[in-house]
Every structure is written in structure tokens, then in C-alpha cells.
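Here's a quick briefing to read with the structure open beside you. Take a look first, then work through the notes below.

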Amino acid sequence: MTDQEVQNKIKTEEYFINMGPQHPAAHGVLRLILTIDGEIIKNVEPDLGYIHRSIEKMCERDSYQQIVHLTDRMDYLSSHINNEAVCLAVEKGLEIEVSERVKVIRTIIDELTRIASHCLWWGVMGMDLGALTTYFYAFRDREMINDIFEETCGARLTMNYNVPGGLMFDIHPNFVKRTKDFIAHFKTKIPEYNLLLTDNVIFHKRTKGVGIITKEDAISFGVSGPVARASGFSSDVRKHHPYSAYDRVDFKEILFTEGDTFARYQVRMMELWESVSIIEQLIDNIPEGETKAATKAVIKLPKGEFYQRVETARGELGVYINSTGNKNPYRVKFRSPGFSNLSILNHISKDVLIADLVATMASFDFVIPDIDR
Amino acid sequence: MNFLQMNIPLNITKTISDWIFSIMPETAANYTIMVVIAVAYLALFAVAGLYLVLLERKVAAWFQLRIGPNRVGPWGLLQTMADALKLVSKELTSTIKIDKFLYNLAPYFVIVAALMAMAVFPFSKQFQAFDINIGVFFLIAISSIGVIGILLAGWSSNNKFALIGAMRSGLQTISYELSVGLSILTMVLLTGTLQLSEIIEVQRTGGWLIFQGHVPSVIAFMIFMIAGTAETNRAPFDLVEAESELGAGFHTEYSGMKFAYFFLAEFINMFIIASIGVVLFFGGWLSPFGITENITWFPEVIWFIIKVVGLIFLMMWFRWTFPRLRVDQLLTLEWKYLLPLNLMNLMLMAIVIWLNWTI
Amino acid sequence: MTNEDLQNIITGLGTDLEFTTEGSEFLNVIVPKEQLHSLCSQLKSNPKLKFDYAFCITGIDWVPALGVIYHLNSTELKHEIVVKVMVDDRENPTLDSVHDIWQTADFHELEIFDFFGIKFNNHPKLRRLFLTPEWEGYPLRKDYVDEANMIIK
């Protein structure tokens, strides 16, 4: 009997499984409807909206200073970078130039946020694959960054520090010293992370060759961030459309060509080194200047459309503001990186095992409020 | 007075059994002795299970740079008592669509298998409940019965996730039993007997088996540790209960006391694998270089426990360091790597013994 | 490539195209809805243009018309353009789907359907993405009213 005849005689069925919305491996409330044959996945359909808070509709009702505070609830792990995106878009519309001091401080805090986000990602990736100790090591370092933020910005996670025109208040006197201490401590920790997870044979077998994205697919699906750079698609907004102080620091854009989970992992690990290098270049010479450029109390952007791109820890966040000259915007659209990254998940998950899907999703680093807005 | 040369014959089992025989007729005395032994083993099962859980939590905390339970009792020693009380007082929930008979039967399979295996271990020269001449063979056979409990649990829960977990566990255990059996067989070649007390006697006169067999013994030990960790569904082979993938695997639908049975049975299985390793490789209750040889039972039990806890610590170390293997990688590891290696090692041990190259 | 060169090349690709750079940092092309698909596929395949990366697809409610705005970028030639298309019919708006040109449009069009109600022809599976399937109305339209959930200042 040929294989096909045997298959027809033994009746097997595909069945549906819900992964989520409450699930230890879904990074937030994401519901994936998997169609499975045995252990092999045939189709992945995401069902979103569990944390949809209609941020874009609320932006049409609020003033420009108020929209900034809505954005750090979107991707809460890069909250400072989200705030900066809206502030830069508004500053572009008002055509005001912020001082050098503001640009340098924004860049330093951006990179600290990126390190904190990648630390959490690393801990969670180990945990998803079964190495439960990585979570604790990562949070130990993230706590140090959160303490720095708490002293300067007043909050640990959703730091409302950026305002259109500059910063809400100046940095704390301890900021420079604490950041330098943290950088010195962190440089001894990244080799520890590599020793625990990156060099592990079991980890290599779980992640190499899993979830491969080709460069053409990455461009067509609009993938950005470390996921795209692991496939060879050079998409770092900090290099192509520099903003704040990124045009005067020297850092490499990390590109790999394999496009598998291990490449995405390595891109983020090497980005940790690059972030450390950027902070080191800027922390010693923060120029003097005003902390906030003067803006009117009621901000009205002129009639037109303004688009600003920034590089969050997940990829390219785009803010599109369409204004008709009123004090509220007419339409605000947030092009979130997670949304486009999620759209490729079905394409690369044909005929893989569930364990591979978990590893792939861990390497994509989803934050679901970013996707659902 | 040389303390180490005193011969202290504290022959507890003999004194107790003599006393019981003296106060009752023979058949009643036999039954009473059986009941006493059963109660002792159940107590040992419960206490060992509970304290192994505490040890796991403390070891995990140590690896993760934190302290672990330290509130309930000094150093958290009463923590698992509190957990056990909590589990006993929980409501036994279950869904409507379960297969009631199998659902209730499943935990008992794993416990009975674990208890029967524990019955043949020599904790000391006197403390061995069941010293049969096919001891090792009996152990390997009994450890296969526990699988049925897991499969029944997954099937009767009427839950897709539980079923997937149970199927994964079934095929994992069946595959790795081969490796465990073969590595045990390699050591049996050295001893020439399957009876556990005889195996320890061989080690008393000739040195521990892992040193007697040098190279093939060490390879057999490494394979035994890997396969034993896989048998008991512990990380890095714990995809059965991979919490980050499928909820809780085959015991998703269990709660309260029945869940406690599965949970404790996992730790007792770890104890059993470590005990087999200690008996076959590290000399059982023998002291190194025979230093406390003439003092009966008390130091022997202590030595046994120290060695078993050492091997259990090794298994816990694996769990908190390595990520998890995927199901097809697990099977590849067994069938393509461990099994051929085991067979070659067996032949190597046979050649070493034939050419009289043992130490 | 500069905006003037882009304008010269694209003018030849369709009829009735309007160009403007007022109020925006990119060159805007307003295309009638019947030519949307053919213009977009030519924007991608033309070797001088090669717009292969659609980085933002937005729905917008220009009262009384509904519209979609495509922000396009070329990863090789490094120029950018904005394509706008309008639909006048508010009861039953339809547009051609461009998911076969840029696969990212698959999800973005689902979002636009969910919030604005614009149906896309040839879309593989048009469904509500964020809201529940029973939801009535299209929230991001300017005339959407929901007394229970909307707080208006």
C-alpha cells in the first residue's frame, strides 16, 4: 500500500487549538488559532483586539500635549521612544529646533530604554524555551535601569518625560554617575548572558534553522527592526533617517543573512553592545542648554501632514499626524512595528512543530498593546 | 578506645520482628510485619517527597540569586508541610466529560509503581524490604508501569492539551527506558548478579563499580544520568509539562490531592533513579574507603542519603540551567545517538572484563 | 530621485493623476480608485521606481469621502512617495486590494475594514480584526456615535 492509501484508510483530522489569550508563552493577550495535524501546524490565525483601547480615536479628541501620554501605553517597554516619536512629529510641524542638550539626553535615555527592553526580551526568551534562570538574571539588570529612570523621570515603566519642545524637567544630578556605574556593571554581564544561553548546544538546536524569513519576504511584509536585520534587510531608522543625536554618534548596524531565530537572537545581543557604546560616547559630554523650547500653551499645528519615524526596540514606529489647523489633530495613525511583524507569522509557520512556533514568537519579541493600540 | 572499631550490633529489624513474633501467633505476626513495613514505606514516600520539593525550591533559588522559602519554620523546613495541608484541603474539581473511572485510577498507577520500586532498595544492610534475586530486573520492569498512569491521566481528562502532553510523555518514557536498561546491564556485567545486596557486596570487596570499570563505567554513568533525567520527565526533557507551551500537560485537569500524587510521584521517581545510580555506580550504603564499616545501620543510611542527594542535586542543576529540547530532537538523541553509544559501550565493557582489565 | 523626476515618470503611468507637495514632506499622488491596482503594481515593478516597501497604510475619513493613504519607500533607490485614493460612496465603499503587491497590506486592509468599513476586492479573507464580529458601525469614521463608550469633551 502506498503512503497515500494508508493515509486515506487511517482517518486523521486537523483540529483547532487556541493558544491564548491567557497563555504563559504569549507575550500579552494574543489569541492564536492554530490548525494542527498531530503536532504539525498548518495555519496560524491571530485574533487581536483583547487590549484595543482605541488610542487613535482618543487622539482626535485630545490636545497635542495629551497625546504624548497615550503613546507610552502602546509599547510600554520602549515608552520613552514612543513619546519621543510624537514629540518629534509635533516639533516638525511647529518647526521649532530643540537644544543640543535635549537631543543628547533623549538619545541617552532612548538607549537605556532599549537595553532594558532587550534585557526583558532575553529573560523571557530563555523562559519560553525552558531555561528558567535567565528571567532572574535579566530582571536584576533591568531593575538597575528602572532605578535610574525613577530618580530622573519619576516613573519606572511609563515615563512621561518628553514633551513637545523638549523635556519636562532637567535630569537629576546623579544621573550621569549612576548611568556610568550601570554601564560598567553591565559590560561584565553581557558575557554572562552569552555563557548561559548563547553558547548552549540545546539552545542552538532549538533556534538554528527555525522560522526562516527571506529578505524579499521581509520587505514585502513590511517587517522592521531586529527581525528584518536578521534577514539582511537594512532597516535601521537611526541610520537611514537619523533623529535627535544619532547623526553624531558612531555605531554599527547589525546585519545577518540567515534570517532564522538564532540570527534574530544574535542581532539583539549585539545591539546591546552597540547601545552601550552609544551611551559611552554621549554620557560624558552632555552640552549645556535649555531644557524646553518655548511653545504656546495651546499648540496648533499648521494644516498639513507630518510623518516621523523612530526606531523602537521592536522596529520602526511611524507617527502620521494629519492636521487641519485646530488644536486637536484630525487623524493620528501609529504604524506599529509589531503589527507588521505579526503578519508574517502565518507565512513562516507552515509545517512546523508547536515548539518551533513558541521559539519563533519569542524571537519576534511581541508586545501586544503595541499591536492592538 | 578506638571508636571506629567498636562493633555495635544495633539490629533493629531483628529485634522488632522477634518482639512481634513473641506476642502473636505466626500468621498474624506475618501480616502485622507486612503492615508495619508498608506504613513505614508510605511515611518514607511522603516525607521524602515533601523534603525533596523543598530542596528543589531552595536549589532553584540558589541558582537564581534569591533565597527561597524561609518563612515557614527555620530555613523554610516546614514549608512543604504547609503546602501539603493546602493541597489536602483543596476542592477536588473535575470536568463533567471526564472518564470517571480512569480519571480516578490514573494517579494510583504512578504511586504504586513508585512504591514498588522503592521496596527493593537497600538503605542499609538491614533495611531492605524485598531482597529478591532478580532485583535489578524487577526495578526496570516496574518503572515501565508508571507510564500507564500518565497515559490514562491524559486520555481521561478529555482535554486536547492533556492528551498531547500524555502522548509525548508516553513515547519519551518508552524510548529512554531502553537506554536506562542498557546502561544498567553494562554494570551488571561487572557484578555478575542481579540481586541488589549482592551488588553492594561486590563493591565492598572490590571498590565502587564506577572505579572498577573505569572507562566503560563512566560512559555508562553519563548515559544513565541523561536517560534517567528523561525517564522522570525532568528538564531538559520536560516538554511533557512544558508550561510555556501547553498549560500544564497531562495533569492539567487534576487538582488537590490527586495533583499532589502526580507531583510527589515525579520527585519519588527522581529519588528512584538517583538510588539506582547510587547502588550500581557508587556503592550504595558503603562508606568511602570503609571508614565506618563496622558501625551498623546509622552511618550506612546517612551515607546512602548523602550520595542520593548528591545525584539529585545534579539532576536539579540540569533543570535550572538548560533550555528544553523539542520532541523530535529528544527522540533523535535517543535513537540515533544514545542507543548506538550504549550498545558499543556494552561491548566495550564485555571486552574489558574478558581481558581482565578491571581494577 | 527628486520629486520632479518622480512626477515625470509617474504621470505616464495613469490618467487623471494629481500631484502635490503642499503640506507634506513627500510627493503626494492622488489616483482615481479604478486605477489604484494598476498604478501600484507599476510603482513596484518599474525599474526606475521600485517601490517595494509599503511602510504605512492609513485609512482616513475626509468628510464626505473615505480614503486610504499609502506611504511607499524604495529600499534600493531610496526615494519615497505617498499615494492617496478616495471613495465617495459611504454606504458601500470598495477598493481593490493591493496585498498581492505588498503583502503587508493584508493586515493593514483588515484594520481599515474594521475601523472604516472599506471593503477590499480580492482580499483573501476580509474579517474584523480588532473588534468582535457582531460590532455594528465603524468607529474611526467621523460620524460614529456610541453613547456608552465614547466620552466627548
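Predicted model: local features only at pLDDT ≥ 70, side-chain atom pairs only at ≥ 80, totals over all residues.

Residues are numbered from 1 along each chain as its sequence is written, while chains are lettered from A and ligands numbered from 1 in the order in which they are written.

**The sheet in chain A**

- Strand 7 (residues 316-323) of chain A runs antiparallel to strand 8 of chain A, and 5 bridges join them; strands count as paired if DSSP finds at least two bridges between them.
- Across that pair, A:Val319 stands opposite A:Phe334.
- Helices here are DSSP runs (H or I, at least four residues), as are strands (E, at least two), numbered from the N terminus. Angles run from 0 to 180 degrees between N-to-C directions, with axes fitted to C-alpha atoms, for helices over the stretch in contact.

**Two helices in chain B**

- Helix 12 (residues 257-281) and helix 13 (residues 298-321) of chain B pack at about 120 degrees, with axes 9 Å apart.
- That makes helix 12 of chain B oblique to helix 13 of chain B (under 35 degrees is roughly parallel, over 145 roughly antiparallel, 65 to 115 roughly perpendicular, and the rest oblique).
- Among the contact residues are B:Phe271 from helix 12 of chain B and B:Leu311 from helix 13 of chain B; contact means C-beta atoms, placed from the backbone, within 7 Å.

**Domains of chain B**

- The domain assignment (automatic or from a database) gives domain 1 (9-89) and domain 2 (94-354) of chain B.
- Their C-alpha centres lie 20 Å apart.
- The contact takes 18 residues from domain 1 and 21 residues from domain 2 of chain B.
- On the domain 1 side, helix 2 of chain B gives the most, with 11 residues.

**Chain C against chain A**

- This contact takes 24 residues from chain C and 26 residues from chain A.
- Strand 3 of chain C supplies the largest share of the chain C side, 6 residues.

Terms used
Contact = placed C-beta atoms within 7 Å.
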